[in-house]
Amino acid sequence: MRKYSIFAVAREAMRYHAGWEKAWRSPEPKRKYKVIVIGAGGHGLATAYYLGKVHGIKDVAIIEKGWLGGGNTGRNTTIIRSNYLQDPSAGIFDKALQLYEGLSQDLNYNIMFSPRGLLMLAQSEHEMRGYKRTVYANQLQGIETKWIGREEVKSLVPILNIDGPRYPVLGALYQERGGTARHDAVAWGLARACSNMGMDIIQKCEVTGIRTENGEVRGIDTTKGAIDCEKLSIVTAGHAGTVANMAGFRLPLESVALQAWVSEPVKPCIDVVVMANLVHCYISQSDKGELVLGGGIDHPNNYSQRGSWYTIEETVRSLVETYPIISRLKMLRQWGGIVDITGDHSPILSKTPVKNIFVNCGWGTGGFKAIPGSGWAMAELIAKGEPGPLAKGFGLDRFTEGRFVDESVAAGVAH
Ligand code: FAD
Ligand code: PYC
């Protein structure tokens with residue numbers, strides 16, 4: 001595939017952009033692959049990418065029931081940060097942030113990574129203590145975050161009402177390396193790189209069954225026929241539980257809707273990302289000028305990619321009291337995604353009861369920021385059959401051994 005470059009843009013500009021190649025192939029599935037990854041979201045694609053790039057395993061198919069990036073990867077609000085509390089989380093989330101910092105160059109695809117700085121507002125004594133504790137933990141982990149006072153918060157976010165009708169802003173956890181990236185571009189860039197390595201991305205192909213023999217995987221059944229494999233990775237986020245059931249085991253997950261909104265575009269008014277987790281709202285501004293907005297999860301377990309009215313009402317109330325200036329803005333779009341939540345709010349990257357089936361799920365409301373780190377760790381697990389240092393803390397065994405990685409404070413979005 002030809003490299004994207006300033007010269008390619010100039011060349012295509014001279015011939016009405018008629019010479020661009022398709023970014024990835026759309027082949028029919030082969031009869032057999034060494035590795036099959038179910039789910040062409042960011043985590044599935046990154047798993048395949050690092051399998052090829054780091055471990056030299058390129059006989060890989062990524063099977064997607066819809067279109068690539070059409071799940072949570074294309075539905076999230078693109079926030080990237082690594083300010084988690086526990087050491088295993090700091091390891092994988094900061095690895096992801098480091099990889100994000102060079103991902104556009106690595107993929108030769110502009111993912112529009114924008115490390116504009118991230119603030120998590122503290123609006124109660126309890127939250128303030130929680131965030132200060134995270135800052136101290138991050139210092140020990142070598143991750144740069146700091147506590148800033150309310151006046152500095154106001155100078156970074158002039159549109160913020162720091163006196164708040166419900167809760168005043170007491171200060172914030174600030175991670176200057178945090179920010180955003182264009183979510184579709186992350187999926188498209190990874191897909192292009194996987195296709196370029198000879199991997200097959202099979203879209204509109206739903207996995208309907210998993211075949212096993214003597215406790216070991218043999219292949220999958222799909223709407224495009226049966227496909228055999230030596231190793232299988234389930235990377236299907238909110239549907240991980242239903243796909244795992246096909247192989248005969250259960251996962252400790254709940255699936256719920258999380259929704260988001262974008263407003264009509266306005267002139268630049270906020271150049272950092274701000275999360276207010278006590279009142280449940282968060283905000284950033286896209287390059288087009290739209291405000292990208294979200295709040296807490298919907299509480300009833302469900303699989304509808306929509307979200308319910310009471311969450312909209314609650315989030316809008318919080319946004320308007322926190323940023324009164326946006327109260328007259330019109331919303332352009334609203335959507336939902338199905339997120340998969342574990343009891344300790346940490347992901348699962350694990351072997352399973354079936355030999356050579358691996359699972360990557362449980363990223364809940366916060367997995368976009370983890371995509372490259374998760375793919376790196378998962379590829380190592382699949383290639384070697386054992387978790388490396390990044391995945392080690394996130395095995396399924398932690399639920400039977402009571403060895404939780406509690407991230408309920410750092411999860412960011414209220415659960
Ligand atoms: P997905 O992108 O959902 O990919 C899984 C794929 O599996 C889907 O494409 C699906 O179609 C496919 N699939 C499912 N079943 C089958 C089957 N039977 N056969 C074949 N394919 C199948 N995280 C952050 O870090 N920052 C944020 O700001 C943020 N905001 C969010 C806002 C919203 C509204 C939502 C919903 C999520 C948000 N997240 C955020 C979370 C983040 O989006 C997810 O954790 C992450 O995208 C999960 O990626 P994934 O690749 O695991 O899943
Ligand atoms: O995990 O940072 C996060 C997040 C922000 C919005 C949704 N998730």
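Domain bounds here come from an automatic or database domain assignment. That matters for the pocket I start with.

First, the ground rules. This is a predicted model, in which local features need pLDDT of at least 70 and side-chain atom pairs count only at pLDDT 80 or more, while totals for chains, interfaces and linings use all residues. Residues are numbered from 1 along each chain as its sequence is written, chains are lettered from A and ligands numbered from 1 in the order in which they are written, and side-chain values use heavy atoms, with hydrogens and water left out.

Now the second largest pocket. A pocket is found on a 1 Å grid over the protein atoms alone, as an open set of points with protein on both sides within 12 Å along at least five of seven lines; a cavity is a set of points where a 1.4 Å probe fits but cannot get out, and lining residues have an atom within 4 Å of a point. Grid points are joined across faces, edges and corners, and a volume is the space filled by probe spheres set on the points.

The second largest pocket holds about 480 Å³ of space. Its lining has 22 residues, with Thr78, Arg182, His183, Ser286 and Val292 nearest the centre. Helix H7 (183-196), strand E14 (281-285) and strand E16 (331-341) are the elements that each give two or more residues to that lining. Helices (H or I, at least four residues) and strands (E, at least two) are DSSP runs, numbered from the N terminus.

Why does the second largest pocket lie between domain 1 and domain 2? Because domain 1 (20-78 + 183-251 + 344-401) and domain 2 (118-176 + 255-341) both give residues to its lining.

By class, that lining divides into 5 nonpolar, 10 polar and 7 charged residues. Ala, Val, Leu, Ile, Met, Phe, Trp, Tyr, Cys and Pro count as nonpolar, Asp, Glu, Lys and Arg as charged, and the others, Gly among them, as polar.

Next, ligand 1. It is surrounded by 37 residues, the closest being Glu64, Asn72, Thr73, Thr77 and Gly367; near means that a heavy atom of the residue lies within 4 Å. Domain 1 and domain 2 each supply at least three residues to this shell. Oxygen atoms of ligand 1 make polar contacts (N or O pairs within 3.5 Å) with the backbone: one is 3.0 Å from a backbone N or O atom of histidine 43, and one is 2.9 Å from a polar backbone atom of lysine 369. The protein covers 96% of the 1000 Å² of accessible area that ligand 1 has on its own, by the Shrake-Rupley method with a 1.4 Å probe. Strand E12 gives the most to the shell, with 3 residues.

Ligand 2 has 10 residues around it, and Arg81, Tyr282, Thr365, Lys369 and Val413 are the closest. The side chain of arginine 81 has an N or O atom 2.7 Å from an oxygen atom of the ligand. A nitrogen atom of ligand 2 is 2.7 Å from a polar backbone atom of threonine 365. Of the 240 Å² of accessible area that ligand 2 has on its own, the protein covers 95%.

Last, the cavities. There are 3 of 30 Å³ or more. The second largest cavity has a volume of about 50 Å³, and Arg2, Lys3, Tyr4, Arg11, Gly19, Trp20 and Glu21 line it.

How values were computed
A polar contact is a pair of N or O atoms within 3.5 Å; within protein, one must be able to donate a hydrogen and the other to accept it, and residues adjacent in sequence count only if both atoms are side-chain atoms.
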